[in-house]
Amino acid sequence: SPQNKRGIELYRESYRMLQLELMAAANRRIEQSTTSTQNQDGFALLMTSSVFGEDKSIVATNLAISMAQTGKKVLLVNADSHSSVHCKLLDLNPQMGLMDVLMGNIQWGDAVKRTYLDNLHVITAGDGNGQSDLPNLLLSSRLEDFIESSKKKFDVTIFDSSPTMSASGSAAIGSKVDGVALVIKADNTQKDAVLQAKQRIQNAGGNILGAVLNYATIEKKYYR
């Protein structure tokens with residue numbers, strides 16, 4: 001129906017606006033930085049939330065799809081071993097991913113999975129053959145090598161990590177990527193939780209580019 005088509009287009013437009021805002025904020029950060037990041041090949045972004053249930057993985061996946069549709073080469077990395085949303089939405093095998101690379105079991109390139117979109121690739125969380133846990137691996141020095149490899153091959157790398165208040169992984173990734181976006185569920189997430197998550201990321205050295213208000217209800221009038 002026309003109403004459904006309008007809703008779908010508004011949904012798509014919201015992600016187009018999100019990527020424009022995030023990239024603009026990222027460019028401002030680069031210009032203000034005292035270190036030279038202009039020579040870096042790609043941009044690495046962390047999408048996280050304060051607590052569970054804010055659907056950050058759906059936001060990260062849809063943002064990656066939206067960016068890929070504009071012609072950018074995008075890599076979506078699942079750094080949340082408790083989430084399988086990416087595999088379900090993109091019909092991927094979850095085995096052999098980030099955890100396996102950080103453990104040294106496989107090379108970075110062997111973990112990259114193709115999707116139905118030519119410009120969108122994914123690295124799942126992996127399982128490390130059940131020998132280790134992802135949060136501890138994210139604290140290792142191998143994470144920096146992983147990010148560097150990703151930025152050399154892709155225009156944009158989007159990490160989707162565990163909620164900031166429940167694991168140390170988000171702060172670890174946030175300190176090494178170019179920017180962080182915090183997903184907030186409207187009329188649900190407590191203000192204190194958001195502020196604590198923001199502080200934890202900043203204390204680790206992360207650059208917060210902004211927040212994504214998920215499930216917000218916005219009234220909009222249309223011209224007739």
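Reader: Which residues does Leu138 touch, not counting residues up to four places away in sequence?

Author: Leaving out those neighbours, Leu138 touches Ala79, Leu98, Leu102, Leu143, Gly169, Ala172 and Ile173, where contact means heavy atoms within 4.5 Å. This is a predicted model, in which local features need pLDDT of at least 70 and side-chain atom pairs count only at pLDDT 80 or more, while totals for chains, interfaces and linings use all residues. Residues are numbered from 1 along each chain as its sequence is written, and side-chain values use heavy atoms, with hydrogens and water left out.

Reader: What makes a set of residues a nonpolar core, and which residues of the largest one touch the most other members?

Author: A nonpolar core is a set of buried Ala, Val, Leu, Ile, Met, Phe, Trp, Tyr and Cys residues joined through side-chain atoms within 4.5 Å; buried here means under 20% relative accessible area, as against over 50% for exposed and the range in between for partly exposed, with a 1.4 Å probe and protein chains only. The largest such core has 31 residues, of which Leu98, Ile123, Leu138, Phe146, Phe159, Ile173 and Val177 touch the most other members. At least two residues of this core come from each of strand 1, strand 2, helix 4 (98-102), helix 5 (108-111), helix 6 (134-137), helix 7, strand 6 and helix 9, and helix 4 supplies the largest share, four residues. A second, separate core has 29 residues, including Ala68, Val122, Val156 and Val212.

Reader: Why is Leu63 called buried, and what does Leu63 touch?

Author: Leu63, found in helix 2, has a relative accessible area of 0% and therefore counts as buried. Not counting residues up to four places away in sequence, Leu63 touches Tyr15, Leu18, Gln19, Leu22, Leu45, Met47 and Ile158. Of these, Gln19 lies 44 residues from Leu63 along the chain, with their C-alpha atoms separated by 6.9 Å.

Reader: Why is the pairing of Asp80 and Lys56 called a salt bridge?

Author: The term requires a side-chain nitrogen of Lys or Arg within 4 Å of a carboxyl oxygen of Asp or Glu, and the closest N and O atoms of Asp80 and Lys56 are 2.9 Å apart, so the pair meets the definition. The pair links distant parts of the chain, 24 residues apart, with Asp80 in the loop between strand 2 (74-79) and helix 3 (85-90) and Lys56 in helix 2. Their side chains are also joined by a polar contact of 2.9 Å, a term for a pair of N or O atoms within 3.5 Å where, within protein, one must be able to donate a hydrogen and the other to accept it, and where residues adjacent in sequence count only if both atoms are side-chain atoms.

Reader: How many salt bridges does the structure hold, and what does Lys151 pair with?

Author: The structure holds four salt bridges, one of which joins Lys151 to Asp178, with the closest N and O atoms 3.0 Å apart. Lys151 sits in helix 7 (residues 142-153) and Asp178 in the loop between helix 8 (169-174) and strand 6, 27 residues apart. Lys151 counts as buried at 9% relative accessibility, and Asp178 is buried at 15%.

Reader: Why is strand 6 described as largely enclosed, and which strands pair with strand 6?

Author: Six of the seven residues of strand 6 (residues 179-185) are buried, so the rest of the structure largely encloses this strand. Two strands pair if DSSP finds at least two bridges between them; five bridges join strand 6 to strand 1 (residues 43-49), in parallel, and six join strand 6 to strand 7 (residues 208-214), also in the parallel sense. Ser49 stands opposite Val183 of strand 6, while the bridge partner of Lys185 in strand 7 is Asn214.

Reader: What makes a crossover right-handed, and which elements form the β-α-β unit?

Author: A crossover is right-handed if, with the strands pointing away from the viewer, the path from the first strand over the helix to the second runs clockwise. Strand 6, helix 9 (residues 191-203) and strand 7 make a β-α-β unit of this hand.
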